[in-house]
Amino acid sequence: MAARIQIPRQAKRGEVIEVRILIQHPMETGYRHDDVGHLIKRNVITVLSCRYNGVEVFRADLSSGISANPYVQFYTVAQASGDLEFTWIDDEGERGSERQSIVVKG
Amino acid sequence: MKRRDFLAGLAGSFALPRAALAQVDPLDPIVRAVTGGAPVRKGKVTLVLPQLADNGNSVPIRITVDSPMTEADHVRSIHLYSERNPVPNMANFYLGPRAGKAEINSRVRLAGSQRVTAVAKLSDGSFWYDAAPIVVTLSACLDES
Amino acid sequence: MRRARARLALAAAALAAGVVLAQERAIPPGELKSGSVFLGSDLRALQNDDFANPGMLWVERGERLWSELAGKKTLACASCHKDTSMRGVAASYPKIDKASGKLVNLEDRINLCRTGRMDAEPLRYESEELLALTAYVARQSLGLPIATRIDGAARAHFEAGRAAYHLRRGQMNLSCAHCHDAQWGKRLLSETISQGHPNAYPAYRMEWQTIGSLQRRIRACLSGIRAEMLPYGSPEYLDLELYLAWRAQGLPIETPGVRR
């Protein structure tokens with residue numbers, strides 16, 4: 001499961017930064033049929049979490065009400081240089097993760 | 001953290017019968033499940049949706065809460081509800097003082113025209129909401145390819 | 001779904017009333033408008049957002065595939081092509097493949113390299129891999145004007161494509177021109193009919209909830225007017241693609257477009 005993360009490469013300590021993530025995932029609702037008429041099993045990302053240098057700063061419970069290839073944008077305070085690491089898990093138990101580093105000055 | 005109790009309370013909302021949601025003010029039963037009866041006031045929360053969406057598969061949504069986001073006074077969580085989707089509780093977002101700014105943007109699926117509701121829980125235990133109507137012109141089903 | 005199609009049938013039949021005869025250029029170059037012009041402001045903004053445009057997930061996947069080894073010769077695209085060498089390429093397709101003399105689109109061209117130069121299996125039409133590679137190659141022509149050639153061996157395909165474009169088909173007896181030359185800018189149910197240009201493909205469609213090729217889009221139109229759908233890669237689709245590219249001559253490439 002591929003994903004894209006966007007955060008500023010550099011920030012000042014204490015600055016509020018914008019965090020964006022886009023994950024490739026069908027977010028199957030469980031109501032769609034395939035080409036031969038079979039119901040496609042529900043498979044959505046249920047939990048998405050973001051840790052900043054190991055500390056959880058954001059978490060979301062998602063459902064079939066979130067669009068395919070989910071997009072989430074939120075904010076966090078730049079505290080120290082390091083990594084933002086996203087992890088997520090879907091109904092089939094498949095996990096994904098992606099990280100992006102940031103340099104914090106001042 | 002009180003998160004666990006909170007989640008346990010929230011889980012009740014998943015079990016809500018659909019008919020109940022469609023007939024009564026959608027806020028009422030849902031909010032009770034989230035809050036355990038605490039009052040929910042209109043205000044502080046701003047929910048932004050387009051008035052009209054051409055395709056319900058992907059509708060942009062923005063939720064902001066008027067909060068200083070300090071250790072003493074911040075948003076703990078934001079809960080998003082649909083009146084007509086098969087799963088009424090579309091998403092829950094958990095934040096805290098480290099967010100610095102209480103704003104979430106995402107894209108949602110909407111099964112038709114309806115009212116969407118966002119409920120925020122603040123660090124003092126109070127609940128606030130905003131709701132917005134949206135018209136969804138379902139796509140023409142031009143393709144089965 | 002069926003009821004929606006029946007309504008579409010009625011709406012489209014109403015359109016057939018106002019037909020214009022096929023001329024050399026039904027839409028003069030000065031009036032060319034990309035499909036994105038007919039979108040709501042949200043989808044237009046999403047297409048232009050390099051990060052949030054969901055089609056970019058496939059472009060990135062294509063970028064990774066570009067340097068992945070494949071086939072019996074264990075070569076990657078990057079083994080032979082420089083990263084920057086694909087700029088402008090997509091704008092010139094469909095094009096005659098010199099070796100075989102056949103008209104090929106970008107998807108076919110990529111598969112020709114896989115089979116002919118890498119000794120690898122061709123990628124299936126609409127497979128994630130082929131969509132990703134096609135989107136990645138096309139993205140490198142972002143903003144460049146479509147500039148296909150219709151001379152030489154391409155001429156016969158162009159004529160066939162023009163005929164296919166103007167052929168009345170399906171239960172509603174409509175040609176592509178009925179909608180995309182004569183009725184663009186008008187509402188058809190919840191859609192606004194565009195001029196039917198190929199410059200955004202592969203494009204991410206909300207209806208599909210994924211990215212799809214130009215041929216998938218053409219098939220969606222055929223299905224909408226209840227006409228026969230040919231298999232992916234059929235010569236008639238290729239001819240149509242060439243005619244569409246000629247009609248859109250000068251329009252900048254937008255891949256990956258975002259559409260309803």
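Chain A carries 13 positive and 14 negative side chains, and the centres of these two sets lie 9 Å apart. Keep in mind as you look around that this is a predicted model. The accessible surface of chain A comes to about 4900 Å², and carbon and sulfur atoms account for 46% of that area. Turning from the surface to the inside, 51% of the 106 residues of chain A count as buried.

Among the contacts in chain A with a separation of 6 or more, 58% are between residues 24 or more positions apart.

Now let us move to chain B and pick out strand β5, residues 75–82. Seven of the eight residues of β5(B) are buried, so the strand is largely enclosed by the rest of the structure. Which strands does β5(B) pair with? One partner is strand β8(B), residues 114–122, which runs antiparallel to β5(B) and is joined to it by seven bridges. To find this pairing on your screen, look for Leu80(B), whose bridge partner in β8(B) is Ala118(B). Another partner is strand β6(B), residues 89–94, again antiparallel, with five bridges to β5(B). Here you can look for His79(B), which has Asn92(B) as its bridge partner in β6(B). The link between β5(B) and β6(B) is a hairpin of six residues. As a general point, strands of a sheet pair through backbone hydrogen bonds, either parallel or antiparallel.

Met69(B) is found in the loop between β4, residues 59–65, and β5 of chain B. Its phi is positive, about 55 degrees, although Met69(B) is not a glycine. Most residues other than glycine have a negative phi. Is Met69(B) buried or exposed? Its relative accessibility is 5%, and because buried means under 20%, Met69(B) counts as buried.

Three strands of chain C form an open sheet in the order β6-β5-β7, with mixed pairing. The edge strands are β6(C), residues 210–212, and β7(C), residues 258–259, each of which pairs on one side only. Strand β5(C), residues 203–205, pairs with β6(C) in the antiparallel sense over three bridges. Within that pairing, Arg205(C) has Thr210(C) as its bridge partner in β6(C). Gln209(C) is found in the loop between β5 and β6 of chain C. Phi of Gln209(C) is near 60 degrees, a positive value in a residue other than glycine. At 13% relative accessibility, Gln209(C) counts as buried.

Pro256(C) is found in the loop between α10, residues 235–247, and β7 of chain C. The peptide bond joining Thr255(C) and Pro256(C) is cis, with omega about -5 degrees. A cis peptide bond also runs from Tyr93(C) to Pro94(C), with omega near -5 degrees. Pro94(C) has its place in the loop between α4, residues 77–80, and β1, residues 95–96, of chain C. In general, most peptide bonds are trans.

Finally, Ser175(C) lies in the loop between α7, residues 154–166, and α8, residues 176–180, of chain C. Ser175(C) is buried, with a relative accessible area of 6%. Leaving aside neighbours within four places in sequence, Ser175(C) is in contact with Tyr165(C), His166(C), Leu167(C) and Arg168(C).

Definitions and conventions
Residues are numbered from 1 along each chain as its sequence is written. Chains are lettered from A and ligands numbered from 1 in the order in which they are written. This is a predicted model: local features need pLDDT of at least 70, side-chain atom pairs count only at pLDDT 80 or more; totals for chains, interfaces and linings use all residues. Side-chain values use heavy atoms; hydrogens and water are left out. Buried means under 20% relative accessible area, exposed over 50%, partly exposed in between (1.4 Å probe, protein chains only). Contact means heavy atoms within 4.5 Å. Accessible areas come from the Shrake-Rupley method with a 1.4 Å probe; for residues, only the protein chains shown count as cover. Lys and Arg count as positive and Asp and Glu as negative; His and the chain ends are not counted. The place of a charge is taken as NZ of Lys, CZ of Arg, CG of Asp or CD of Glu. Helices (H or I, at least four residues) and strands (E, at least two) are DSSP runs, numbered from the N terminus. Two strands pair if DSSP finds at least two bridges between them.
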